[in-house]
Amino acid sequence: MRYKLLVAVSVVAFCLGVATVHAGPVDFKFAHFINPIEPGPESGVWIEKDVNEKISDKVKAKFFHSGQVGSAIEIIKKVRMGALQGAYLTGNYAPELNDKFGIGTLAYCMDSYEKWEALLANDELRNELFTCLEKKGLLVLDMCFFGQYGIASTKPFATLEELRPLKMRTTQARYPLAFWKALGMNPLPMAWADVFPGLKQGVVDGTDQTVNVARMRLTDVCKYFVHTDHMMGLFFFVVNKKWWEKLDADTRDPLAGIIAENIDKAREKMKRLTIEGDAVLKEKGMTVTRLAPEEMAKFKEKQMKVWDQFEGDIGKEWLDKIKALTASLN
């Protein structure tokens, strides 16, 4: 009996010893569907570097970008399944997971850096938004920008009436589709990879996009950029909720700090690039204009129908909170 007890103790000790020998940093694999040539996805490079330099005894980070592990939607599915631990969730796709994120793609709602920074500084609103994906197995830790939207086109326009005959590209998401339809147009849903050939071949005449993306990717085919300022481009940094909550505090806290520090740096860099954006576009041969106040008023008036359309999905109570926030900034 004593012999069996000693054997059992020895086996337990051996197993504990093996566990100790093989215990090491946890894997943190995260992804973005585009390449790191702008601050949003570039923050992934910074996070990977800082994690592997500062807390390599606790976490081993690997950042996949440029579609290495799939499209924007495929990446989020992998985070939910646990194949990836984190990812950047684009603001256009986020409402498909929870309509609370519709405030980001509802035209002329959360349409400025100032408004989003006010939300981030409001603990109650930030927490309500960032925890609304828990039933999907996701937790939002932070968010960064990829700029303020305008319209890049191959043909000029200065009024809503001049815009309507143009063939405009959009994503398949509900809110962007509703934006164009409210303006009296019939947009063509098109994957981003098809936009350049589509513009060159005249399949489409333009697309709404941020000034920052336009200056890097559209100046060869589009010669006009009109500031409509109808929404902000966003990336939400999400993690697998179960994985995140299983991390011990000594691991989770420094990792969270590194993510927050670099996402904040990305937000600040994007704001600087936005200020410089017009000059860059003009240097590359684009004509840059801004909607006249009376035309902007027409755009906003048309979008109020979209607000009514999606109020039930977004939730009146949540939308009222956002309206109160933005009203306080005026």
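Let's start with a pair of helices: the axes of H8 (residues 174-182) and H13 (residues 293-314) come within 8 Å and cross at roughly 150°. An angle over 145 degrees counts as roughly antiparallel, so that's what H8 is relative to H13. Keep in mind that this is a predicted model.

**The H8 and H13 pair**
- H8 goes past H13 in a right-handed crossing.
- On the H8 side, the contact is made by Arg174, Tyr175, Ala178, Phe179 and Ala182.
- H13 brings Lys302, Gln303, Val306, Gln309, Phe310, Asp313 and Ile314 to that contact.
- Sorted by class, the contact has 7 nonpolar, 2 polar and 3 charged residues.

**The loop between H4 and H5**
- Lysine 100 sits in the loop between helix H4 (94-97) and helix H5 (113-121).
- Lysine 100 has a relative accessible area of 18%, so it counts as buried, the cut-off being under 20%.
- The side chain of lysine 100 makes a polar contact of 2.9 Å with the side chain of glutamate 128.
- Leaving aside residues up to four places away in sequence, lysine 100 touches Glu128, Leu129, Cys132, Ile314 and Trp318.
- Tyrosine 108 is also in the loop between H4 and H5, and it's buried at 8% relative accessibility.

**Positive phi without glycine**
- Tyrosine 108 isn't a glycine, yet its phi is positive, at about 65°.
- Serine 66 is a non-glycine residue with a positive phi too, near 60°.
- You'll find serine 66 in the loop between strand S2 (59-64) and helix H3 (72-81), where it's partly exposed with a relative accessible area of 38%.

Technical notes:
Residues numbered from 1 in each chain as written. Predicted model: local features only at pLDDT ≥ 70, side-chain atom pairs only at ≥ 80, totals over all residues. Heavy atoms only, no water. Axes fitted to C-alpha atoms, helices over the stretch in contact; angles between N-to-C directions. Helix = DSSP H or I, 4+ residues; strand = E, 2+ residues; numbered from the N terminus. Parallel < 35°, antiparallel > 145°, perpendicular 65-115°, else oblique. Left-handed = near helix turned anticlockwise from the far one by under 90°. Contact = heavy atoms within 4.5 Å. Nonpolar A, V, L, I, M, F, W, Y, C, P; charged D, E, K, R; others polar. Buried < 20%, exposed > 50% of the residue type's maximum accessible area, 1.4 Å probe, protein only. Polar contact = N/O pair within 3.5 Å; in protein donor to acceptor, adjacent residues only side chain to side chain.
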